[in-house]
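Take a look at the model below, and then we will go through it topic by topic.

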Amino acid sequence: MNKLTIFGICIVGFFIIIAIFAPIFAPYNPGQIDIENILTAPTSSHIFGTDSLGRDLFSRMVYGTRISLMVGFIAVGIASLIGIALGAIAGYYGNWVDGIIMRFIDIMLCFPTFFLILAVIALLEPSIINIMMIIGATSWMGMARLMRAEILSLKERDFIYAERAIGASDFRIITRHLIPNAMAPVLVSITLGIAGAILVESSLSFLGIGVQPPTPSWGNILSEGKAVMGAGWWMMLFPGMAIFITVLGYNLLGEGIRERLLKS
Amino acid sequence: MNKYSNSTSAAFKKAAFLWYGISKTEIPTTKNRLKSYRKAIFLVTILFLLGFTPNYGDTIVTGSIGEPRTLVPILASDSSSGTICSLIFNGLVKYDKDLNLTGDLAEKWEVSQDGLDITFYLRKGVLWHDGAPFTSKDVEFTYKSLIDPNVRTPYGGDFQMVKSLKVIDDYTLKVFYKEPFSPGLASWGMNIMPAHLLEKEDLNATKFARNPIGTGPYKFKLWKTGERVELVSNHDYFEGRPCIDGYIYRVIPDTATLFLELRAQAVDYTSLTPIQYRRQTETEFFKKNFQRFNFPSFGYTYMGYNLKDPKFKNVDVRRAINYAVNKEEIIKGVLLGLGRISTGPFIPESWAYNKDVLPLEYDPGKAKELLKNAGWSDSDGDGILEKDGIKFSFTVITNQGNDERKMTLEIIQRRLREVGIEVKIKIIEWSAFVSEFIDKRRFEAVLLGWGLSLDPDMYDIWHSSKTREGEFNFIGYSNKEVDRLLLEGRRTFNQEERKRIYHRIHEILYEDEPCLFLFVPDALPVLHNRFKGVEVAPSGIGYNFIKWFVPRSEQRYTR
Amino acid sequence: MGKYVFKRIIGLAALLLGITIITFSVIHIAPGRPTDLEAQFNPKVSMEARERIAHLYGLDKPLHIQYIEWLKRFARLDFGISFMDSRPVMQKILERMPITLTIELFSIILILLIGIPIGVGSAVKEGSFYDRFMTVFVFIGFAMPTFWLSLILMDFIGVRWGILPISGIKSLEFEKFGNFEKIIDMSKHLILPVFVSAFGGLAGISRYMRSSMLNVLKQDYIRTARAKGLREKDVLYKHALKNALLPVVTILGLSVPGLIGGSVIFESIFSIPGMGRLFYESVMARDYPVIMGVLVIGAVLTLLGNLLADISYAAVDPRIKLE
């Protein structure tokens with residue numbers, strides 16, 4: 001395996017472990033306010049320093065990992081549900097069903113996605129659930145296209161004819177045979193999508209409509225860091241690096257998967 | 001700059017709360033006397049004594065996160081528009097540096113014995129920037145626009161009290177009120193618009209909004225959307241030519257960028273956050289190049305309860321919350337000490353503020369006791385109080401984009417949790433915040449700020465008749481005595497009488513606890529060092545803006 | 001060719017209709033009515049007044065009627081009047097569009113100039129240190145949160161070293177400059193935003209170029225060319241590159257919405273008065289006509305981008321002929 005892929009896997013794994021075992025890693029309660037120690041630079045007791053309410057930045061980062069990864073995973077989960085379902089339906093049924101779905105995809109692809117996300121989140125409200133749903137609802141198009149293309153080629157294969165001959169239902173054929181066999185290229189999209197969603201959340205936080213405090217996310221910690229820029233470099237550095245490294249990790253992992261697919 | 005010149009602040013009270021705290025750029029008034037200003041004043045005196053010509057020239061660059069919406073003054077409800085309008089236009093009256101009403105476009109005025117009518121004698125020889133003379137026709141036109149139902153002005157309120165306005169001659173006019181109305185005089189600080197240019201225009205859609213003509217110290221030059229508004233000094237200004245030739249209002253939507261621009265000295269004048277004041281501008285560089293100010297702003301932050309909510313019906317519960325919240329801690333943690341506790345809805349230094357009303361000390365023990373007596377106890381042992389099977393848990397909403405409010409809530413949340421009350425925080429984007437939650441009363445508690453005008457009349461906020469949708473008594477406060485006092489306060493022109501009335505209102509409000517008064521934050525403007533002649537007075541630093549100057553050798557923007 | 005373009009344009013019209021329907025629905029799922037914006041500041045505005053304003057804007061009619069009316073106006077390129085300052089939406093958009101498009105154009109050019117060589121190099125030296133280094137390099141650009149990178153650059157390059165201006169698009173003294181100075185001044189202001197925007201988009205093109213090139217290099221005709229003893233340089237740059245570039249043209253069209261979307265962030269941070277910021281401001285103020293207008297125009301720009309890409313593709317590729 002490519003060294004870069006291994007590097008990607010390490011990063012991804014590292015942060016997933018942190019997210020799962022957040023309570024073990026965090027030395028403090030992430031909501032513990034300490035106004036005697038506002039914006040203190042990293043020390044041995046607060047290894048990442050403290051934020052503008054004296055909370056331990058390291059603990060907030062650890063819990064923020066949970067939130068940021070959750071946003072990434074669930075948003076992409078939603079996107080892949082929509083993408084895979086629509087792609088599979090379009091590919092399998094063809095004809096006018098395909099026509100309608102593909103035109104719909106074309107339309108969705110025309111929108112500057114971030115504008116759409118921004119509009120909907122600002123007009124509704126920036127709750128975590130809304131953020132995940134809207135990122136999901138605006139990022140499924142690529143997956144749908146990939147899925148459709150795969151299914152178009154798969155459905156002519158012998159084993160599908162065999163299934164049909166024994167009277168399997170369309171639903172069964174699609175969910176049991178076509179989708180599992182067509183998942184590989186979609187997997188790359190999913191990996192990259194997680195990285196994208198984390199970035200989108202940080203952009204939304206920059207505009208003040210990302211995950212809302214006191215819930216920590218990497219994006220809103222970074223955006224808090226922006227407000228105290230010059231008085232607390234650690235508030236900018238650590239969350240920025242976390243986003244940067246994670247997104248890099250997912251991209252390298254995605255590339256790795258893609259390479260393997262091309263080879264096999 | 002509306003606040004810092006104060007000329008329109010009476011009219012602004014209706015909308016002020018809406019902007020107070022969202023915009024970082026309003027630059028209010030000062031009280032402090034800093035040594036360096038004495039020095040500056042001294043310098044000016046010397047220069048004049050030596051008979052130097054004034055140092056005309058240079059340009060001041062103001063940085064702001066908001067872009068003005070319209071420069072039609074009676075439509076301008078945001079602080080950016082207000083700031084610029086106050087330089088281009090004048091009112092009939094204004095507040096002077098010691099917060100007394102004084103003439104602006106009106107030379108003098110007379111209030112009749114019964115308080116029912118005011119006669120204004122206008123300044124003669126004042127010209128609009130296009131050269132046309134200013135007359136009482138313009139005042140009449142402005143008044144008519146203010147009460148015109150088709151004009152979308154938020155400032156109509158005070159003028160609804162006017163029965164009629166009569167033009168006597170070009171420079172005299174008389175205003176008749178339906179009943180004595182003491183805040184009325186200050187409301188004539190509203191900027192006057194030119195009748196000859198606007199009479200036939202639809203004010204809501206006029207081109208004037210982006211190309212205004214006024215009587216003020218600065219003339220409109222250009223407005224590059226999303227970039228900046230530029231003004232140039234009016235050499236024929238009736239109070240004399242302003243020393244600073246140019247005024248540029250730069251729009252820099254991101255606060256971090258704004259601060260970087262300040263550090264790069266590409267912005268001369270803006271306001272700081274407490275963190276910036278305490279931690280980011282304490283450097284040698286800033287001390288050498290900038291002058292900083294801090295003085296109480298004209299506004300306070302509070303947590304209002306929805307008094308229709310059964311949880312908050314009992315005054316003891318509300319008082320318990322007051323005991324449970326450590327106000328000192330909030331000022332220290334959120335404002336880094338740059339603010340003071342407030343106990344009532346008045347400017348702390350004003351005559352209306354009752355200094356005998358003392359804030360409740362932080363005392364969680366007392367809070368728990370009060371809550372227990374009110375029937376709240378933790379029967380299921382989860383750390384949160386219950387009564388009749390209902391948990392004491394409520395959501396506080398506040399507007400997005402204000403870090404101070406967010407942090408205040410986080411501290412309140414922690415303290416209330418300690419006495420067994422669960423607080424949830426919801427931060428909502430501004431326009432939805434107002435239209436969906438405040439107007440429709442869909443909230444349990446709200447954290448907001450009210451801007452304060454110099455006149456203490458607060459009928460719209462506390463009177464029990466002002467609780468309908470879209471009105472400002474949205475917490476639903478109702479107290480017969482306060483209702484009566486509010487009316488009395490409006491009807492008398494006697495200062496002592498008014499003082500007694502507002503002191504009593506202050507007392508009642510703190511006993512009734514319709515909301516938890518938290519703090520008055522300091523205003524923290526910062527100004528480049530090359531600007532001299534800045535005098536600090538009770539009204540702040542902006543009132544003598546036209547006398548600020550830059551010594552010739554230090555002028556930066558020259559032609 | 002003409003027939004192909006004509007067919008595409010008919011298709012586009014259908015897409016455009018779909019775009020307006022989606023935009024219209026997105027705006028109307030939001031709670032609250034735009035009249036709140038007008039009335040919220042004024043305690044004196046009664047319910048009747050609100051309804052009058054609603055009527056003025058036609059908001060009291062059923063949705064489908066409102067949509068049809070909107071569509072009729074749209075056909076005349078009339079997007080209505082902004083709630084915020086009563087100016088025509090079209091005018092507001094047009095005054096903001098040039099700067100956004102300029103930055104976009106420059107950053108696309110920059111992306112192509114840097115991204116294609118990186119991609120080709122990576123493909124030719126597949127698996128080498130160079131390949132891996134460039135992979136990481138382009139992903140770094142993608143992975144950095146835009147505003148984070150921008151602030152760091154502004155702090156160092158703008159404030160500490162004072163090399164470039166921090167924000168805005170022109171100096172305050174711009175009007176007094178000569179023509180040449182004006183160009184220099186604007187370029188200086190545009191360097192950081194264009195760089196930030198291009199750095200983020202580098203990964204897309206260069207990775208695409210790399211895989212396209214790898215794909216071509218596996219083809220038979222390349223093997224044939226090599227077998228015939230052509231010089232490696234000629235094989236790579238005359239035959240392979242030409243073919244590998246073709247699909248990149250289409251990806252360019254697809255990258256337009258991403259760039260426009262990203263403009264919100266760097267226009268805010270660099271104080272650039274472009275479409276992104278206009279959009280953000282109008283969303284925050286619930287200025288519905290402007291939101292609609294920008295969304296539709298953004299989508300139309302993308303459509304045009306795609307159309308241009310497809311036409312040039314068809315023009316360059318001999319295999320695609322009039323369907």
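Is helix H12 (residues 327-334) of chain B mostly covered or mostly uncovered? Helix H12(B) is mostly covered, with six of its eight residues buried. Please keep in mind that this is a predicted model, in which local features need pLDDT of at least 70 and side-chain atom pairs count only at pLDDT 80 or more, while totals for chains, interfaces and linings use all residues. Residues are numbered from 1 along each chain as its sequence is written, chains are lettered from A and ligands numbered from 1 in the order in which they are written, and side-chain values use heavy atoms, with hydrogens and water left out.

**Helix H12 of chain B**

- The buried residues of H12(B) are B:Lys327, B:Glu329, B:Ile330, B:Ile331, B:Gly333 and B:Val334; buried means under 20% relative accessible area, exposed over 50%, and partly exposed in between (1.4 Å probe, protein chains only).
- These buried residues pack against helices H9 (274-280), H11 (315-324) and H14 (403-418) and strands E15 (339-341) and E21 (515-523) of chain B. Helices (H or I, at least four residues) and strands (E, at least two) are DSSP runs, numbered from the N terminus.
- Where H12(B) starts, a side-chain oxygen of B:Asn326 comes to within 3.2 Å of the backbone nitrogen of B:Glu328.
- After H12(B) comes B:Leu336, with a positive phi near 50°.

**Chain A as a whole**

- Chain A has 11 helices and zero strands.
- Along the principal axes, its C-alpha atoms fill a box of roughly 75 × 45 × 25 Å.
- Of the 264 residues in chain A, 60% are buried.
- Among contacts in chain A with a separation of 6 or more, 71% come from residues 24 or more positions apart; contact means heavy atoms within 4.5 Å.

**Where chains C and A meet**

- On the chain C side, 48 residues are in contact with 43 residues of chain A.
- Together the two chains bury about 4,200 Å², and 83% of that is on carbon and sulfur atoms. Buried area here is the accessible area (1.4 Å probe) that two parts lose on being put together, summed over both.
- C:Phe139, C:Phe147 and C:Trp148 supply 16% of the area that chain C buries against chain A, more than any other three residues.

**A buried arginine in chain B**

- B:Arg498 sits in helix H18 (residues 495-512) of chain B.
- Why does B:Arg498 count as buried? Because its relative accessibility is 5%.
- The side chains of B:Arg498 and B:Asp455 are joined by a polar contact of 3.1 Å. A polar contact is a pair of N or O atoms within 3.5 Å; within protein, one must be able to donate a hydrogen and the other to accept it, and residues adjacent in sequence count only if both atoms are side-chain atoms.
- Leaving aside residues up to four places away in sequence, B:Arg498 touches several residues, including B:Ser182, B:Trp351 and B:Gly489.

**Positive phi in two loops**

- Most residues other than glycine have a negative phi.
- B:Asp388 has a positive phi near 50° and is found in the loop between strands E16 (386-387) and E17 (390-391) of chain B. B:Asp388 counts as exposed because its relative accessibility is 72%.
- C:Ser271 also has a positive phi near 50°, in the loop between helices H10 (232-269) and H11 (275-284) of chain C. C:Ser271 is buried, with a relative accessible area of 2%.
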